[in-house]
Amino acid sequence: MAWIKLSSPTVRETPETYAPFAWPDGRFQAFPAIWDAPPAREDIDVLTVIERRRSRRSFVSLNHDQLGQLFWHCARTQGIATSDLGFDLEQRPTPSAGAIHPIHILVKPAQTHKWFRYDARRHGLLEVEGSESELKPLEECSKGVLPSEDATQLLLVAEPGKTSAKYECGESLIWRDAGALLAIMAVTAEALNLAFCPLGITGEPWASELAAPGILMGVGMALVGGNPDRPPERAPSKPNR
Ligand SMILES: Cc1cc2nc3c(=O)[nH]c(=O)nc-3n(C[C@H](O)[C@H](O)[C@H](O)COP(=O)(O)O)c2cc1C
C-alpha cells in the first residue's frame with residue numbers, strides 16, 4: 001500500500017474566514033423532538049451497548065421517527081458558540097476537531113431515490129434538490145457493496161474549508177471526525193436496537209459533484225435499518241414541551 005501522508009495538523013497563527021457552502025433550499029421535514037434521554041436501564045448502559053455492538057447486515061425499513069431518534073442521540077446540535085472563522089462552533093454528541101463539525105450527513109431512505117440532508121440545529125431533514133440523479137450511481141454502488149433494499153443509506157459529506165479555516169494540514173482531522181461520527185452512530189444504533197453497518201466506500205466521485213470542485217468531499221457511507229432480530233427500542237418523545 002502506498003501510504004498517503006496527510007502530515008500533522010497545526011493551528012493557523014491567523015485563522016482564515018470561511019463562508020460555509022449554501023445548500024440549495026429544499027423542503028424541510030422536522031423530526032419530533034426528544035427532550036429526555038432514554039430511561040436509565042441496565043441493558044442500555046453504554047458499556048453493555050458497546051459490548052453487544054456488532055455490524056449488522058440485515059435490515060428492515062426505518063420509519064421517520066426511528067431515524068429522528070438516531071440523529072437526535074448522535075448528531076444534533078446541543079450548543080453553539082461564536083468564532084472568528086466565519087461560522088459558529090458547535091457541541092454535538094460526537095467529538096469534532098476544533099468543535100467545527102465539518103461533516104454533513106446525507107440520507108436516502110429505503111422507500112425513495114431522493115436524498116435529504118440532516119439539519120442538526122433544527123433536527124429535521126432537508127431535501128437535497130437535484131441529488132436524486134447526481135447520486136443514483138452511488139446508490140447503486142452502495143447496493144453492490146452490500147445489497148440492502150430495505151436499508152437507509154447514509155453518506156458523510158465533508159466540507160474541508162471549515163476545518164482548513166482553523167488548521168493547516170487539517171485533512172487527517174476530517175478523516176478522524178468521520179471515524180468518530182461512524183463510531184458514535186454505530187453505538188447509538190445499537191442502543192436503539194437498530195441494524196448498522198459502515199461501508200468502505202467514501203461516496204466519491206459522486207458526493208463532491210454536489211457543489212463546485214473542492215467544496216464538498218465524500219468521506220464515508222453506512223447503512224442503517226430496523227434490526228429484524230430485535231423489536232425497536234422506544235425513546236420518550238415530548239414534541240410539545
Ligand atoms: C471504515 C469501515 C468500513 C467498513 N466497510 C464495510 C463494508 O464495506 N462492508 C461490510 O459489510 N462491512 C464493512 N465494515 C464493517 C466491518 O467489516 C466490521 O466492523 C468488522 O467485520 C468487525 O465486525 P463488528 O463491527 O461486528 O465488530 C466496515 C467497518 C469500518 C469501520
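Predicted model: local features only at pLDDT ≥ 70, side-chain atom pairs only at ≥ 80, totals over all residues.

A: **Helix H2 and its surroundings**

The buried residues of helix H2 pack against strands S5, S6, S8, S10 and S11 and against helix H6.

H2 covers residues 64–75. Its 12 residues should span 16 Å at 1.5 Å a residue, and the C-alpha atoms at its ends are 15 Å apart, which agrees. Of these 12 residues, 10 are buried, so the rest of the structure largely encloses the helix. The buried residues are Gln66, Leu67, Gly68, Gln69, Leu70, Phe71, Trp72, His73, Cys74 and Ala75. An α-helix has 3.6 residues a turn, so residues three or four places apart point the same way.

The strands come next. An open sheet is formed by seven strands in the order S2-S7-S6-S5-S8-S11-S10, with antiparallel pairing. S2 (28–30) and S10 are the edge strands; each has a single partner strand, so one side of each is left without a neighbour in the sheet. On average, neighbouring strands of this sheet are turned by 30° against each other, direction ignored.

Within the sheet, S5 (residues 103–108) is mostly covered, with six of its six residues buried. Ile103, Ile105 and Val107 point one way from S5, while His104, Leu106 and Lys108 point the other way; all are buried. S5 is joined to S8 (residues 152–158) by six bridges, and the two strands run antiparallel. In this pairing Lys108 stands opposite Gln153 of S8. S5 is also joined to S6 (residues 116–119), here by two bridges and again antiparallel. There Leu106 stands opposite Arg117 of S6. S6 in turn pairs with S7 (residues 124–127) in the antiparallel sense over four bridges, and Phe116 has Glu127 of S7 as its bridge partner. His123 is placed in the loop between S6 and S7. Although not a glycine, His123 has a positive phi of about 50°. His123 counts as partly exposed because it has 18 C-beta neighbours inside 10 Å, and a residue needs 20 or more to be buried.

Setting aside neighbours within four places in sequence, Pro93 is in contact with His73, Cys74, Ala75 and Ile184. His73, Cys74 and Ala75 are among the buried residues of H2. Pro93 itself is partly exposed, with 17 other C-beta atoms within 10 Å.

H6 (171–191) is the helix against which the buried residues of H2 pack. H6 has 21 residues and reaches 31 Å from its first C-alpha to its last, close to the 30 Å expected at 1.5 Å a residue. Its buried residues include Leu173, Ile174, Asp177, Ala178, Leu181, Leu182, Met185 and Ala186. Gly170 lies in the loop between S9 (167–168) and H6. With 26 C-beta neighbours inside 10 Å, Gly170 counts as buried. Not counting residues up to four places away in sequence, Gly170 touches Pro9, Thr163 and Ser164. Just after H6, Asn193 takes a positive phi of about 60°.

S10 (residues 194–199) supplies the largest share of the shell around the ligand, three residues. The ligand is surrounded by Arg54, Ser55, Arg57, Val145, Leu146, Cys197, Pro198, Leu199 and Gly200. By type, the residues of this shell divide into five nonpolar, two polar and two charged. S10 is thus both an edge strand of the sheet and one of the strands against which the buried residues of H2 pack. In the loop between S10 and S11 (217–226) lies Pro205, and a cis peptide bond with omega of about 10° joins Glu204 to Pro205.

Key. Residues numbered from 1 in each chain as written. Near = placed C-beta within 6 Å. Nonpolar A, V, L, I, M, F, W, Y, C, P; charged D, E, K, R; others polar. Pairing = 2+ DSSP bridges. Expected span 1.5 Å × (residues − 1). Contact = placed C-beta atoms within 7 Å. Axes fitted to C-alpha atoms, helices over the stretch in contact; angles between N-to-C directions.
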